[in-house]
Amino acid sequence: MTDDTVAAGVIGVGSMGQNHARVYDELGDTALVGVFDVDGDRAESVANDYGTTARSMDDLLDAADIVSVVVPTQFHYENAKRALESDVHVLVEKPFVEDPENGQELVDIADERDLVLQVGHIERFNPAVRALRDLVDDLDIHAVSTERLGPPVDRAIDDTVVMDLMIHDLDIVLDIVDGAVDSYDAVGTPDCSHANANLAFDSGVTASLTTSRVTQEKVRGLTISAADCRVKIDYIEQNIEIHRSSVPSYIDDESLVRHRHENFVETLAVEQVEPLQSELRSFANAASTGTEPVVDGEQGLRVLKLTKDLDEAARETLDGGARLTSTVD
């Protein structure tokens, strides 16, 4: 690393990895020093697009200070471990790993080598979510509900809808709600393309999450029901609405009593920023300053374990159609 730039590389340049390469190339505080992909032709093509070099894995890890691991989930562990053992800071796309024990090993390696290990939960960097973080400490939250819906996509996805989509909302819910999850239940469709889950926290807060890849409308939203307001977030539009009610008033006009109860909607101004750009800039800054990343490995493990539990619960509904309810030890 120099005083001005951090040398960045990308491992895996499929559709998402190409975006990582693009952003590293655009950021003024990072220099894209190379990309690697098992498909050499694809690596060469992406490298040419962004004026960098298609490298072998060893060459890339020698050249880079930080890398994004953007390969299929089953290869996250081996690639992240190899990078960490080469003393390179690592951002691993979500889901963190397949096996939580492997995730804990990566956390331990990063701690031993004083390296940044960040998990790519990109919604944390959505401007609306970042603005929400300034609000939640002042909210007496009763319940949270989320929707992450959309039509079928035209690419192969190995992960279930819970592991692919619901995991985003679980990460946000765990971040904004105090306390631990006491119990949960989940149901899913036979093809794992639509699922619903409910959480109960020991703080008394409840959460309801719905996610789908078979809904003919794209929806990305979160709603908080609090003691004195209702907060609605639209991830796509990157905005926040706060719905409040006034104190009821009564008007006595010559013995005619009228009741009036007004509702007020406050729309917060949110700066429109590409979440991936904020995420990678934050990762590079954490690596260069030695500070904790926004989503570290421990947080990635926490949401991974819960997501896997909910995924299993949703799959259990296929055996006799019964809903599985579980408590968390």
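Predicted model: local features only at pLDDT ≥ 70, side-chain atom pairs only at ≥ 80, totals over all residues.
Figure 1. On the surface, Asp108 gathers with Asp111, Glu112, Asp114, Glu292 and Glu298 in a patch of negative charge. Which helix gives the most to that patch? Helix α5, spanning residues 100-113, does, with three residues.

Figure 2. Buried or partly exposed: which describes Arg113? Arg113 counts as partly exposed, at 36% relative accessibility. Asp87 is partly exposed too, with a relative accessible area of 46%.

Figure 3. A quick reminder first: most residues other than glycine have a negative phi, and most peptide bonds are trans. Asp87 is not a glycine, yet its phi is positive, at about 60 degrees. You'll find Asp87 in the loop between α4 and β4. Cys192 is another non-glycine residue with a positive phi, again about 60 degrees. Its place is the loop between β7 (181-188) and β8 (194-201). Asp87 is partly exposed, at 46% relative accessibility, whereas Cys192 is buried, with a relative accessible area of 17%. And which residues does a cis peptide bond join? Lys94 and Pro95, with omega at about -10 degrees. Pro95 is in the loop between β4 and α5.

**Figure 4. Strand β6 and its two partners.** Strand β6 covers residues 141-149 and pairs with strand β10 (residues 219-226) in the antiparallel sense, over eight bridges. Zoom in on Glu147 and you'll see Gly221 of β10 standing opposite. How many bridges join β6 to strand β9? Seven, and here the strands run parallel, with β9 taking in residues 206-212. For Thr146, the bridge partner in β9 is Leu209. When you look along the strands, keep in mind that side chains in a regular strand alternate between the two faces of the sheet.

Figure 5. Asp164 makes a salt bridge with Arg213, and their closest N and O atoms are 3.2 Å apart. Why does this pair tie together separate parts of the sequence? Asp164 lies in helix α7 (residues 161-176) and Arg213 in the loop between β9 and β10, so the bridge ties together parts that are 49 residues apart in sequence. Both Asp164 and Arg213 are buried. Arg124, Arg133, Asp171 and Asp175 are also shown, joined into one network by salt bridges that share partners. Searching the whole structure turns up 16 salt bridges.

Figure 6. The side chains of Asp37 and Arg42 meet in a salt bridge, at 3.2 Å from N to O. Asp37 is buried, with a relative accessible area of 9%. Arg42, on the other hand, counts as partly exposed, at 34% relative accessibility.

**Figure 7. Two pairs separated along the chain.** Start with Val265 in strand β15, which runs over residues 263-268. Val265 is 20 residues from Ser245 along the chain, and their C-alpha atoms are separated by 8.7 Å. At 48% relative accessibility, Val265 counts as partly exposed. The second pair is Asp158 and Pro72, which are 86 residues apart along the chain, with 8.4 Å separating their C-alpha atoms. Where is Asp158 placed? The residue is in the loop between β6 and α7. Asp158 is exposed, with a relative accessible area of 67%.

Note on methods:
Residues numbered from 1 in each chain as written. Heavy atoms only, no water. Patch = residues over 30% accessible without salt bridge, like charges linked within 9 Å, V, L, I, M, F, W, Y side chains within 5 Å. Areas by Shrake-Rupley, 256 points an atom, 1.4 Å probe, with all protein chains shown as cover. Salt bridge = Lys/Arg side-chain N within 4 Å of Asp/Glu carboxyl O. Lys, Arg positive; Asp, Glu negative; His and termini not counted. Charge placed at Lys NZ, Arg CZ, Asp CG, Glu CD. Helix = DSSP H or I, 4+ residues; strand = E, 2+ residues; numbered from the N terminus. Pairing = 2+ DSSP bridges. Buried < 20%, exposed > 50% of the residue type's maximum accessible area, 1.4 Å probe, protein only.
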